[in-house]
Amino acid sequence: MLLSSAMSAKPNFAGAKLLLEQAVASGAFPGAAYGVLHPAGRSIGAVGQFMYESSSPSVTPETIYDIASVTKVVATTAMAMRLFERGTLKLNQPLHEIIPEFLHGEAPTSDKRSVTLRMLLAHSSGLPAWEPLYLTCKTRTQLLAACYSMPLQAQPLQSSAYSDIGFILLGEALERLAGESLNQFASREILSNIGMPNTLFRPPAEIRSHIPPTEADTEFRKRIIQGEVQDENCFVLGGVAGHAGLFSNVPDLLNFAECMLGRKRELFWPETVQFFTTREAEPSGTSRALGWDTPAAEHSSSGHFFSKNSAGHLGFAGTSLWIDFDRSIAIALLTNRCWPTRENHAIRTVRPQFHDSVMQALLG
């Protein structure tokens, strides 16, 4: 589909906003902030409130949310890209050469010997998707040790299985390669470099009330989770991890997208962006690139109109960022769909519909 001649004018996203307002009314989430980067500029907006009560604060385009697994691309993969360009990160290096503990107690023929950094980025390592390690691990050291000893569920490169465990290990490997924490590296090398002042790990106490709550936790912390990371494993890890922990808002995420598109100050070489956002050739049938996801053939969260040359990522809390490199378009959507309970999955329907409505307003 070609760009419409109307792209030179300011697009009208009234239909997309109405869709979000209807989603709020139906209980998909209490509020949402959204942003669209397009060739004519950028458009941002917001609907709803922090919670469903009428007395709850209204969401604004600048509202900061827990972006959950969008952390994987904005912080972790971005750090990997920077280290890759410097030659510090070698994609085919076995993980155990950086984290020897990964092989402790393993047989000489263990498949874990062949797990590489590239496999962690591409979710093809064979590691499990998720484990409730927070139930038995009370410290960062204990939880990392549990990840090191985690058995594979499949042979490396046999299949693609999204893995938080893999990204926890990737984050630890990157920290060892860089000689500093993910938090410190991301803040200096990425966030401050491209103008993301409202993106951070571990929000200080004084701003937490200005962040929508993610969940009324009745199982683990037994309190309302507001301004602290929702992901329990990340919480035990101290709020900073390769798979989750970052908080951000729509303007900052659009700044990041501009950087990825080469429209802002370039943080990465264009060749690096293309390399990391191109779908992997194996395992067969994967939609994963390096750190990023790409539009699936059917039922993609990006909807129906993103080009094949697109990449994005979702967050469990109800967040997402999708970038179309052919059309120089990016869409950020931030919600707290888990409020008050994570059992609400209505966003799975709303998100692709919202993306479709935005793209229909942009494309002829």
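Where is the place of Ala 68? Select Ala 68 to begin: its place is in the loop between S3 and H2. The model is a predicted one. Ala 68 has a positive phi of about 50 degrees, although it is not a glycine. Ala 68 counts as buried because its relative accessibility is 9%, and buried means under 20%.

**The three-stranded sheet**

Now select strands S3, S7 and S4. They form an open sheet of three strands in the order S3-S7-S4, with antiparallel pairing. The edge strands are S3 (65-66) and S4 (200-201), each of which pairs on one side only. Between S3 and S7 (residues 246-248), which run antiparallel, there are two bridges.

Is Arg 82 buried or exposed? Arg 82 counts as buried, because its relative accessibility is 15% and the cut-off for buried is under 20%. Display the contacts of Arg 82, leaving out residues up to four places away in sequence: Arg 82 touches Phe 185, Glu 189, Asn 193, Leu 267 and Phe 268.

**The five-stranded sheet**

Select S2, S1, S10, S9 and S8. This is an open sheet of five strands, and S2-S1-S10-S9-S8 is their order, with antiparallel pairing. Strand S2 (41-48) and S8 stand at the edges with a single partner strand each, so one side of each has no neighbour in the sheet. On average, neighbouring strands of this sheet are turned by 5 degrees against each other, direction ignored.

Within this sheet, look at S1 (residues 31-38) and S10 (residues 329-335), which run antiparallel and are joined by six bridges. Pick Gly 35 and find its bridge partner in S10, Ala 332.

H8 lies across S1, S2, S9 (319-324) and S10, and runs at about 25 degrees to S1. H10 lies across S1, S8, S9 and S10, and runs at about 145 degrees to S10.

Which residues lie nearest the centre of the largest pocket? Select Ser 69, Tyr 162, Leu 314, Gly 315 and Phe 316, which hold that place among the 35 residues of its lining. The volume of the largest pocket is about 860 Å³. Strand S8 (310-315) and helix H10 (347-362) each supply at least two residues of this lining. Coloured by class, the lining of the largest pocket shows 12 nonpolar, 13 polar and 10 charged residues.

Move on to the second largest pocket, which holds about 630 Å³ of space. Its lining has 33 residues, and those nearest its centre are Pro 295, Ser 307, Lys 308, Asn 309 and Ser 310. Helix H8 (250-260), helix H9 (270-277) and H10 are the elements that give two or more residues to this lining. By class, the lining of the second largest pocket divides into 13 nonpolar, 15 polar and five charged residues.

**The cavity**

The count of cavities of 30 Å³ or more comes to one. About 60 Å³ of space lies in this largest cavity. To find the largest cavity, select its lining: Arg 140, Leu 144, Ile 168, Gly 171, Glu 172, Glu 175, Leu 182, Leu 237, Val 240, Ala 241 and Gly 242. Which helix gives the most to this lining? H5 does, with four residues. Helix H4 (140-148) and helix H5 (164-178) each supply at least two residues of the lining. In the lining of the largest cavity, six residues are nonpolar, two are polar and three are charged.

**Last stops in the loops**

From H4, follow the chain into the loop between H4 and H5 and select Leu 157. Leu 157 is not a glycine, yet it has a positive phi of about 70 degrees. Leu 157 is partly exposed, with a relative accessible area of 31%.

Two cis peptide bonds close the tour. One runs from Glu 282 to Pro 283, with omega near 0 degrees; the place of Pro 283 is in the loop between H9 and S8. Another runs from Trp 339 to Pro 340, with omega near -5 degrees; Pro 340 is found in the loop between S10 and H10.

Terms used: Residues are numbered from 1 along each chain as its sequence is written. This is a predicted model: local features need pLDDT of at least 70, side-chain atom pairs count only at pLDDT 80 or more; totals for chains, interfaces and linings use all residues. Side-chain values use heavy atoms; hydrogens and water are left out. On a 1 Å grid over the protein atoms alone, a cavity is a set of points where a 1.4 Å probe fits but cannot get out, and a pocket is an open set with protein on both sides within 12 Å along at least five of seven lines; lining residues have an atom within 4 Å of a point. Grid points are joined across faces, edges and corners, and a volume is the space filled by probe spheres set on the points. Ala, Val, Leu, Ile, Met, Phe, Trp, Tyr, Cys and Pro count as nonpolar, Asp, Glu, Lys and Arg as charged, and the others, Gly among them, as polar. Buried means under 20% relative accessible area, exposed over 50%, partly exposed in between (1.4 Å probe, protein chains only). Contact means heavy atoms within 4.5 Å. Two strands pair if DSSP finds at least two bridges between them. Axes are lines fitted to C-alpha atoms, for helices over the stretch in contact, and angles run from 0 to 180 degrees between N-to-C directions.
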